[in-house]
Amino acid sequence: MVRKRFVFVKDFSNVAGGIINAGTTIDIVGENIFMESNTFGGQVIEPYMYESLHKFIEQEYARPNYLREVPVPYNKV
């Protein structure tokens with residue numbers, strides 16, 4: 001099972017005008033994406049948001065600008 005964790009290293013403004021703050025964590029567990037910040041948290045289940053975030057993570061994985069991969073604690077997800 002794939003387990004990855006990313007942290008936003010700077011604020012990200014999306015095309016819809018929303019802002020994801022630096023320090024927000026994204027966890028990928030299998031095919032599920034979870035986001036956690038100081039104002040919200042939980043699984044991303046809305047299809048458009050999930051696909052947009054999935055594409056964004058793939059782009060960032062290839063050329064990091066906003067995300068930094070961090071180790072997932074061994075006994076936590």
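Visitor: What does helix H1 lie across, and how do you know its angle to S5?
Guide: H1 lies across S1, S4, strand S5 (32-36) and S7, and it runs at about 85 degrees to S5. The angle comes from axes, which are lines fitted to C-alpha atoms (for helices over the stretch in contact), with angles from 0 to 180 degrees between N-to-C directions. Contact itself means heavy atoms within 4.5 Å. This is a predicted model, where local features need pLDDT of at least 70, side-chain atom pairs count only at pLDDT 80 or more, and totals for chains, interfaces and linings use all residues. Residues are numbered from 1 along each chain as its sequence is written, and side-chain values use heavy atoms, leaving out hydrogens and water.

Visitor: In what order do the strands of the open sheet come?
Guide: The order is S6-S5-S4-S1-S7, 5 strands with antiparallel pairing. Strands are DSSP runs of E with at least two residues, helices are runs of H or I with at least four, and numbering starts from the N terminus.

Visitor: What makes S6 and S7 the edge strands?
Guide: Strand S6 (41-43) and S7 each pair on one side only. On average, neighbouring strands here are turned by 20 degrees against each other, direction ignored.

Visitor: How do you know that S1 and S4 pair?
Guide: They share 5 bridges in the antiparallel sense, and DSSP needs to find at least two between strands, so they count as paired.

Visitor: Why is Thr25 called buried?
Guide: Its relative accessible area is 18%. Buried means under 20%, exposed over 50% and partly exposed in between (1.4 Å probe, protein chains only), so Thr25 falls on the buried side. Leaving aside neighbours within four places in sequence, Thr25 is in contact with residues including Phe6, Val7 and Met35.

Visitor: And why is Val9 called partly exposed?
Guide: Val9 has a relative accessible area of 43%, so it belongs to the partly exposed class. Val9 sits in the loop between strand S1 (3-8) and S2. Beyond its neighbours within four places in sequence, Val9 is in contact with Ala22, Asn65, Tyr66 and Arg68.

Visitor: How many aromatic pairs are there, and what makes the one between Phe12 and Phe56 tilted?
Guide: The structure holds 6 aromatic pairs. In this one the centres are 4.6 Å apart and the planes are at 40 degrees. Rings of Phe, Tyr and Trp (its six-membered ring) pair if their centres lie within 6.5 Å; planes under 30 degrees apart count as stacked, over 60 as edge-to-face and the rest as tilted, so this pair is tilted. Phe12 is in strand S2 (residues 12-13) and Phe56 in helix H1 (residues 47-62), so the pair ties together parts 44 residues apart in sequence.

Visitor: Why is the pair of Phe12 and Tyr66 edge-to-face?
Guide: The ring planes of Phe12 and Tyr66 stand at 75 degrees with centres 5.0 Å apart, so the pair is edge-to-face. Tyr66 lies in the loop between H1 and strand S7 (67-70), so this pair ties together parts 54 residues apart in sequence. Ring pairs link Phe8, Phe12, Phe56 and Tyr66 into a cluster.

Visitor: How do you know that Lys10 lies over the face of Tyr66?
Guide: Lys10 is 5.0 Å from the ring centre. A charge sits over a ring if NZ of Lys or CZ of Arg is within 6 Å of the centre and within 35 degrees of the ring normal.
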